[in-house]
Every structure is written in C-alpha cells, then in structure tokens.
Amino acid sequence: MNGYAGFKLLIVDDHAHNLFTLRTLIAAHLDALVLEATSGAQAIDLTHRHPDIDLIILDVQMPEMDGFQTATLLKLRKRTRDIPIIFLTAAFKSEEFQQRGFAVGAVDYLLKPIDDSLLINKISTYFRLIEKERALNRVLEQRVAERTAELAQAREYLENIITYMGEALLVLEPGGAIKLTNPAACRMLGYASADLIGMGIGDVFEEDGDEAAGAFWGTWLEALIRTGALSKIEARFIARDGRRVPILFARTAVTDSAGAISDIICIAKDMTGYVRVATDPDPATIQERGEREQPQEAS
C-alpha cells in the first residue's frame, strides 16, 4: 500500500489520454480514490455529488469553460472554496498566466509535460497538510467537547446550590428590577418565579424608615458603589398576601470591567420565630441590677 487511502482526488482534463496518464501515475504511487471530469461543468457537478473531495488537479486549457473560470466558480461556493487546486497546463506557461492562476485561488501551477516525481510530491504534500489539519481539528474538537462538559457540570453544580440553598436569592438589574430568583425566595414571597422576574425590589422589600416603596433605592446604590456590599440588615419581605416576613438581608454589587454595577445579588434569611436579644443594654440598668444582686452584710 502506498498510503493516503480514504483521500479523494479530482482530476480535470478535456483529453482522455491525459486523464489516463494522470490516473495511472497516481494509482502507482498513492491509494487515494481518483475521480475524473472532462470539462469544467462536469468538475463542478462532481463536487456537488462528492462534497468530501480533498484535492483538485485542473487543466487550464479547456473548451467552453477553462480552468481559470472553473476555479473561480469553485471558490465562490462555500462547500468547495477551501479545496486546494493544482493547475496543469501545456500552453499557458508565462508568468502572467501563473499569476492569474494564483489569483483565482490555486495553490500550485505546474507545467506539462508532467514531472512525475514533482506531481506526486505535490499531491503527497497537500495530503499530509490535510491530514495534519484534520488531526489538529480532532484534538481541538475533543478539547472543546471536554471544556463544554466541564462547563455544563459546573453550571449544574451552581444551579443545584442555588436551587437547594435555604436562603432566598434575588439577583437585580442596576435599576432594581428582579432578573433571577431561587425556590427559597419564591416560597418566602409566595410568588412563582415567572411572576417575580421584572418586578422592582421595592415591591417585595421594605426597611425601617421607608416612606414609600423604592425610596431606599438611591441610598442602596450609593452604599453599594462605595463599599460593594451591605450585610446583616434587618428588614422585611412583603409577601404576595401582604404578610411582612422578617429577614436578615445582605446585598453585594457585581461590577463590570469598567467598574459599573452590572448586577446586585441579594440574599435573605427568614427570621420568623427568632427572638431579638438586646446586645447593648442601658448602663443604668446594669448598675441597678448589680446593686440589687449585692449580698447583704450580717448584722
């Protein structure tokens, strides 16, 4: 075996004996499958029926449609534009015609009578390049597939965390509209996820001192821009049925490459049933309690 089995080569010449010579030469040195065409029109038709042609050897001097015209049409089609074309000619030998051949997309321009070794070396060279390109593409495709699988696994992992986390999650646009929620937030607020998307944060959230829904938004943005995060804020969710759900709230700003806020991540813990314990009692109360607990001296 001479190698390159599975490769497909199209030879185009209007003279049958030239086709026979080419076919015999190629068969003696290579195992590639050879297709034959006797005109430019027939060559184009063969490329339609055989989309996996790897290389075309094209005669320049042909009636009706010459090699230059045939190559131009092949390069116009997306399916055939990348097939390497080697021109063969016995008549158009000048530098001007060679430049024209390269201009229409040929990779080589060879003169007749054919140098057998040169032609076989040229064909083998292009087959090797195609082989290397295909091997590289396989490696790249494998890497892309592996990376895609890794990203899908990472995404599934994060989605599971968001889905099963006990705290409510709301992701807001910079303007305060809700763009993402998790099941815990839907349960706390009594809304379906689709209903929450697009609502303003002021529709479902309130803090002490809010005079109107959304009145705190400017303060939020100022603080987030300044610090990037606000945590352990005692506030309330406004449920769909009007209930006020006490929450411990945290907000974090996500910025883009220009430093502008692109998203605001809000996480809320349901504090229903928790009892607030004073952490800073009145000093007078502490003193009174101490005097009351002072032991009496024996009389």
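**A guided tour of the predicted model**

Begin by selecting F68, F87, F97 and Y109, which ring pairs link into a cluster. The coordinates come from a predicted model. Across the structure, the count comes to 8 aromatic pairs.

Next, display strand 3 (residues 55-59) and strand 4 (residues 85-89), which pair in the parallel sense over 4 bridges. F87, a member of the ring cluster, lies in strand 4 and stands opposite L58.

Now widen the selection to the sheet: 5 strands form an open sheet with parallel pairing, in the order 2-1-3-4-5. Its edges are strand 2 (33-37) and strand 5 (108-111), each of which pairs on one side only. From one strand to the next, the twist averages 20 degrees.

Helix 2 (residues 40-49) lies across strand 1 (8-12), strand 2 and strand 3, and runs at about 140 degrees to strand 2. Helix 3 (residues 67-76) lies across strand 3, strand 4 and strand 5, running at about 170 degrees to strand 4.

In soluble globular proteins, nonpolar side chains tend to be buried together.

Centre the view on F237. Which residues does F237 touch, not counting those up to four places away in sequence? Among them are A168, L170, M188, L189, V204, F205, I247, F249 and A268, together with R243 and R244.

Select two aromatic pairs in turn. Y4 and F7 form an edge-to-face pair, at 5.7 Å centre to centre and 85 degrees between the planes; both Y4 and F7 are buried. F205 and F249 form a tilted pair, with 4.5 Å centre to centre and 40 degrees between the planes. This second pair links distant parts of the chain, F205 in strand 8 (residues 205-206) and F249 in strand 10, 44 residues apart.

Finish with the cysteines C186 and C266. C186 is buried, with a relative accessible area of 12%, and C266 is buried at 1%. The structure holds 0 disulfides.

Note on methods: Residues numbered from 1 in each chain as written. Predicted model: local features only at pLDDT ≥ 70, side-chain atom pairs only at ≥ 80, totals over all residues. Heavy atoms only, no water. Pairing = 2+ DSSP bridges. Helix = DSSP H or I, 4+ residues; strand = E, 2+ residues; numbered from the N terminus. Axes fitted to C-alpha atoms, helices over the stretch in contact; angles between N-to-C directions. Contact = heavy atoms within 4.5 Å. Disulfide = S-S within 2.5 Å. Buried < 20%, exposed > 50% of the residue type's maximum accessible area, 1.4 Å probe, protein only. Phe/Tyr/Trp six-rings, centres within 6.5 Å; stacked < 30°, edge-to-face > 60°.
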